[in-house]
Amino acid sequence: MKGKCQLFDEENNVILNKEIDENYLFIPSLPVIKDLKPYNDSELFDNLNDKISILIPYKNDYIMQYANFNYNDFDGVTKDIDLFNKSYLKTFPIMDILGFKKILDEVYVTGKTRNLKILYYVEDSLIASSRQKIFKYNNKIYCIFKTKSNSKTKFMDENDVRLLYNAPDPLMIIQNKKIVAANKANEKITGYKPEELLGNDYFFNNPRFKNKSSPYEFDEVYSKLLNKELFNYTDVLTIKHKDGSTVYAKATMQPSSFNGGPAVLFYAFDITEGVNHQIKAEKLLSTLDLVSNISKIAYVYWDYKNGYEWSDEFFNIIGEKKENLDLTNDIIRSFIVKDDRERTSKIIFDSIINSNSVLFKTQIQTSHGDIKDVEIYIDCQSDDEGQLINSVGYIQDISENIKETQQLTNLLQEKEVLLKEVHHRVKNNLQIILSLLNLNMRYKPDSPQETLESTKNRINTMAIVHKKLYQSEDYAHINLKDYIEEQARFLLANNDNLDIDLDLNLDNIKVSMDNAIPLSLIISEILNNSLNYAFPNNQSGIINISLKTNGDIIKLIIGDNGIGLPEDVDFDDPKDFGFLIMKSLIKQIEGSIFLLPSEGTSYLIEFNI
């Protein structure tokens, strides 16, 4: 009789819909692996209602090391022979037809757990359904499936549980979120005796599932199992041992009953050692991957029986195809540059004679004529008579490392030059500050407080310039827009009693350090004048700053809508100390400064890029 099978994925999507002949449900097969040993902990599974197969990958097939169902589980088959050491896909051709070979391969390679559903129809009537959970553990594939027909599915009850109490692995019953039954094996992974566990909330030792990490999610799984909305849940569980250590377990939960009421059965396998090894292996693998990606190491091995074995990376380094070379010879010597063959041959010979390891650098010439810097390591092992038994080594292309080292050396040299330049600039800037201080004291000998305040502002101005310089990419130019924005807002913040707005219209323009210092002092002088004198009696106002380019000329306009300059001030023939400073500084950048007609006071500064 022919039927139809539908295979569903975790999202309940149909991934296969196929007609099946019932003859393909089961076909007897022969043992496969010679001397295969049965699964050690079969006692734990023997009394479960769930059907469990433990599969070993073998020659593009999967062999059953354990199965807790026999031939007589299938209609029309009465021969009671267990399925140990039989091909899973040949014994159950339906699984192969449904594409389980690809699914098993995926689980084995990726380690990802699959939860699938199969519906079996005959003449458009649903005859049976099954849920399959497939996961990888200890390099084996575990297939757990529950089948139900039109009759109500029977879940594990108290009688079934009692059979498991002597199982070698931990088992407990949870009812009303309390541990109501536990076997002795729990002490192995929790450190608590059964009597210490009873009555505790199941959260007492801080359990955390890998895929359900929060207590809320844990509770949700428990509720679904209790209400039989979920029939099986398996995950990696982390718990705290009584001694405070962390324990990892492969845990499974499923519906059960206890004292006539619904409960959840919990059983687990201690996988702490395996997980710890896996964590260490993953760290090591991550480190090796990083080293491999960075270093591109090629390996070579030789012994007197098998000769040479070369890794593929070696042929990438020398730029030659494997088939073009005699792999039985010491290939590497022929690629070492001629000028260094005598030296390197002596190093290798000494390593063989002394039966020790050696690390040295040399150069090779590839088949394309390129010269590469390489590092070679050789470790030789000899017998008591001094005969070479085997040797192992690696060759690493360090050309990029040499290049980067040279670049780093050049960069350090550039940094030294820049550091000297910075010291020179600091010295010059201090000289500028000292000169301005002396001038200020000469012009205003009776105003020491004003002199100190203006000097402080100028030092701050130069500090902002230096900060912008050290934040730049080349340590030689600053973005004038960034400087003006920070300087203007700094000065405004220090005069927060004024009701002054900034109107900035600035382009991104870079200027050299030689121009930046004088220009910054001019800008600071103008802004301080506006803030101190343009708006008396705390009147409100606006300071406008515009920065544009016109060809090779930079135009900077700074103005305010204040009361303007006094009538007796002649900007072209200044007597004021601030104006004298601006006139002097503008000459240093070979620029010009003009007083523009405006409502308040505006200055135009022009200089070459």
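Predicted model: local features only at pLDDT ≥ 70, side-chain atom pairs only at ≥ 80, totals over all residues.
The buried residues of H15 are Leu480, Tyr483, Ile484, Gln487, Ala488, Leu491 and Leu492. Viewed down the helix axis, these buried positions fall within an arc of 150°, so they line one face of H15. The N-terminal end of H15 is capped by Asn479, which places a side-chain oxygen 3.0 Å from the backbone nitrogen of Lys481.

The model contains 13 salt bridges. One of them pairs Asp105 with Lys101, with 2.6 Å between the closest N and O atoms. Both residues belong to helix H4 (residues 100-110), where a spacing of four residues separates them by about one helical turn. Asp105 is partly exposed, at a relative accessible area of 26%, whereas Lys101 is buried, at 16%.

A salt bridge also links the side chains of Glu106 and Arg114, at an N to O distance of 3.5 Å. Glu106 is partly exposed, with 29% relative accessibility, while Arg114 is buried, with 10%.

In a further salt bridge, the closest N and O atoms of Lys242 and Glu196 are 2.9 Å apart. Lys242 is located in the loop between strands E11 (233-240) and E12 (246-258), and Glu196 in helix H7 (residues 194-197), so this pair ties together parts that are 46 residues apart in sequence. Lys242 is partly exposed, at 45% relative accessibility, and Glu196 is partly exposed, at 32%. Elsewhere, salt bridges with shared partners join Glu10, Glu106 and Arg114 into one network.

Notes:
Residues numbered from 1 in each chain as written. Heavy atoms only, no water. Buried < 20%, exposed > 50% of the residue type's maximum accessible area, 1.4 Å probe, protein only. Helix = DSSP H or I, 4+ residues; strand = E, 2+ residues; numbered from the N terminus. Arc of directions from axis to C-beta. Polar contact = N/O pair within 3.5 Å; in protein donor to acceptor, adjacent residues only side chain to side chain. Salt bridge = Lys/Arg side-chain N within 4 Å of Asp/Glu carboxyl O.
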